[in-house]
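Please work through each task before reading its solution.

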There are 2 protein chains.
Amino acid sequence: MENKDAVVRLAALAQETRLTVYRLLVTAGPEGLAVGRIGDALGVAPATLSFHLKELAHAGLVSARQDGRFIYYSANYTAMNTLLAFLTDNCCGGVPCGVDTRHCC
Amino acid sequence: MENKDAVVRLAALAQETRLTVYRLLVTAGPEGLAVGRIGDALGVAPATLSFHLKELAHAGLVSARQDGRFIYYSANYTAMNTLLAFLTDNCCGGVPCGVDTRHCC
DNA sequence: TCCATATTTCCATGATTATGGAAATATGGA
DNA sequence: TCCATATTTCCATAATCATGGAAATATGGA
């Protein structure tokens, strides 16, 4: 994973509304939630929500799936796992951490 | 962990220079690196680096330790682990994911 | 076809953030 | 004490981001 991609992903999560949306989708599971449902839960204007969802999707953290007139967004678990791995990559120069000297990841 | 704290932490990482600094400190291990060393590695102006280090420290992701004229910054591994746990909290409503239907975290 | 609902795009506005020069502060050594 | 080096603070400037109203687009049902 590239540094820039990680920044995009982190920036997508580094905003209260988007972080709340993401965590909501994480708990919702693979089926996801329709945009309107998310809006009901958060109480943000449609245009604002759409903007944030686009941001999350652009970062690859969520996917959209159309079903009739509804668009369901769901969390992309692998994107998150990739990001987490990147953040702790080569921790402590790769030197393993002892159980008692747990200073590490 | 509060939503707002997570946003602060994510925002601290959602910037190329800061993310690079953080990852450098992760590989450096518990002893950390002096500010000058970090500056050498990244080639950013002292004022800019100081600004970014303050941001990371404020988010709790790094700690500063003074040693003579030098200030050593090191990564706070537990802060990251707390953040990661928050991001995947209550994944899929707590329903465990089967090994073959690995859609989850 | 016409209508109601769902979602997005366009756009202007206000708010936040990143950058680095210059000056200030802190520390240890001569 | 005086100096050199390390780091931070102050400040102005430029750039990026969030918000939501209004209009546009898409979909299915009557």
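**Exercise 1.** Which of the 24 residues around DNA strand D come nearest?

*Solution.* The model is predicted: local features need pLDDT of at least 70, side-chain atom pairs count only at pLDDT 80 or more, and totals for chains, interfaces and linings use all residues. Residues are numbered from 1 along each chain as its sequence is written, while chains are lettered from A and ligands numbered from 1 in the order in which they are written.

Step 1. A residue is near a strand if its C-beta atom, placed from the backbone, lies within 6 Å of it. Nearest to DNA strand D come Ala47(A), Gly36(B), Pro46(B), Ala47(B) and Ser50(B).

Step 2. Helices (H or I, at least four residues) and strands (E, at least two) are DSSP runs, numbered from the N terminus. At least two residues of this surface are supplied by each of helix H4 (46-58) of chain A and, in chain B, helix H3 (35-42), helix H4 (46-58) and strand S3 (70-75). H4(B) gives the most, with six residues.

Step 3. Ala, Val, Leu, Ile, Met, Phe, Trp, Tyr, Cys and Pro count as nonpolar, Asp, Glu, Lys and Arg as charged, and the others, Gly among them, as polar.

**Exercise 2.** How many residues does the contact take from chain A and from chain B?

*Solution.* Step 1. With contact set at C-beta atoms, placed from the backbone, within 7 Å, 32 residues come from chain A and 32 residues from chain B.

Step 1. On the side of chain A, helix H1 (3-13), helix H2 (16-28) and helix H5 (77-87) each supply at least two residues. H1(A) gives the most, with seven residues.

Step 2. That side has 18 nonpolar, 10 polar and four charged residues.

**Exercise 3.** In what order do the three strands of the open sheet in chain A lie?

*Solution.* Step 1. Two strands pair if DSSP finds at least two bridges between them. The order is S1-S3-S2, with antiparallel pairing.

Step 1. Strand S1 (33-34) and strand S2 (62-67) of chain A are the edge strands, each pairing on one side only.

Step 2. Two bridges join S1(A) to S3(A); Leu33(A) has Tyr73(A) as its bridge partner in S3(A).

Conventions: Two residues are in contact if their C-beta atoms, placed from the backbone, lie within 7 Å.
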